[in-house]
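Subject: Structure handover

Hi,

Here is the structure for you to look through. Please open it first, then read my notes below.

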Amino acid sequence: MLLQPVWNFLLGHSSLLRSPFFQVFFSLTVYLIFCLPFLLLDLLSSRWSLVRRYKLQPQSSVNWTTVKSCLALNLYNHLVFIFPLTVLNWYLRPVVLPQEAPPLPQMVAQVLVCLLLFDFQSFIWHLLHHKVPWLYRTFHKLHHTYTSTSALTAEYSGAWEILSLGLFAAVNPLLLGCHPLTEMLFFIVNIWLSVEDHCGYDLPWATHRLIPFGLYGGARHHDLHHLKSKCNFAPYFTHWDRLAGTLYT
């Protein structure tokens, strides 16, 4: 009952939801919206010590060359690789929109399971692409161009990395039989966590401060990965790095 009004509103735009353009427009728009607040902080940090005190690497700064380079690669990947595959998926697997919204507890539980699955898949992928030199040089090195993270570097990656991690994110809701609304929420949360991981700030309301017992790594965790490169391979949670002996705090 809680989610039905939201789902009814979205069903009123069903032609948009069924469009082959929607998924690309949705992911790109959500990503850029989430990046904007951190870009504003980057702009302010050069002027205000109050903002700069929260930077993980206070000596670093984001310039417009970096912003343009990240945006250009992101748009290129979306137009050249992601969009054609999205159209193919749209053709092979037509969008089904049920009339009823999912129960809220089920939606929350499935989003959490999707995140845990994605975290494990990304950990294995990431670890392999650091341990196997050819994989690192060929596919993952581009993402490590910037040792100082900023929001837009979250998707500063080559086509193989974007598509393989995107495949994990797309497959998990299918495996769990998620409702389209649950799938959308998972994508939103996943994009937010990825941007926050790369934002370069340790803010008082950051996710890793809200989740207790050091279970979640967050921006500090991932910034250390970009600095040291041989630790903290899981994107979000810390248990896999702890088990593998690759956790660094």
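In which loop does Ser229 lie? Ser229 sits in the loop between helix 11 and helix 12 (239-244). Helices (H or I, at least four residues) and strands (E, at least two) are DSSP runs, numbered from the N terminus.

Before going on, two notes on the source. This is a predicted model: local features need pLDDT of at least 70, side-chain atom pairs count only at pLDDT 80 or more, and totals for chains, interfaces and linings use all residues. Residues are numbered from 1 along each chain as its sequence is written, and side-chain values use heavy atoms, with hydrogens and water left out.

**The loop between helix 11 and helix 12**

Back to Ser229. Its phi is positive, about 70 degrees, although Ser229 is not a glycine. Asn232 is also placed in the loop between helix 11 and helix 12. Phi of Asn232 is near 55 degrees, again a positive value in a residue other than glycine. Is Asn232 buried or exposed? Asn232 counts as buried, at 0% relative accessibility. Buried means under 20% relative accessible area, exposed means over 50%, and partly exposed is in between (1.4 Å probe, protein chains only).

**The whole protein**

How many helices and strands are there in the protein? There are 12 helices and zero strands. The radius of gyration is 18 Å, close to the 18 Å that the globule rule gives for 249 residues, so the protein is as compact as a globular protein of that length. That radius is taken over C-alpha atoms, and the globule rule is 2.2 Å times the number of residues to the power 0.38. Along the principal axes, the C-alpha atoms fill a box of roughly 50 × 40 × 40 Å.

Of the 249 residues, 46% count as buried. Now look at contacts (heavy atoms within 4.5 Å). Among those with a separation of 6 or more, 71% are between residues 24 or more positions apart. The protein exposes about 13,500 Å², and carbon and sulfur atoms supply 71% of that area. Accessible areas come from the Shrake-Rupley method with a 1.4 Å probe; for residues, only the protein chains shown count as cover.

**Helix 7**

Find helix 7, residues 133-140. Which of its residues are buried? They are Leu135, Tyr136 and His140. Seen down the axis of helix 7, these buried residues fall within an arc of 100 degrees, so they line one face of the helix. The arc is that of the directions from the helix axis to the C-beta atoms. Pro133 and Arg137 are exposed, and they are on the face turned away from the buried side. What covers the buried residues of helix 7 includes helix 6 (104-131), helix 8 (159-176) and helix 11 (218-228).

**Helix 5**

Next, go to Asn74 in helix 5 (residues 64-92). Asn74 is buried, with a relative accessible area of 4%. Not counting residues up to four places away in sequence, Asn74 touches Leu28, Tyr31 and Glu155. Pro84 lies in helix 5 as well. Pro84 is partly exposed, with a relative accessible area of 41%. Pro84 and Leu128 are 44 residues apart along the chain, and their C-alpha atoms are separated by 27 Å.

**Helix 2**

Last stop: Ser15, in helix 2 (residues 14-17). Is Ser15 buried or exposed? Ser15 is exposed, with a relative accessible area of 64%.

Best wishes
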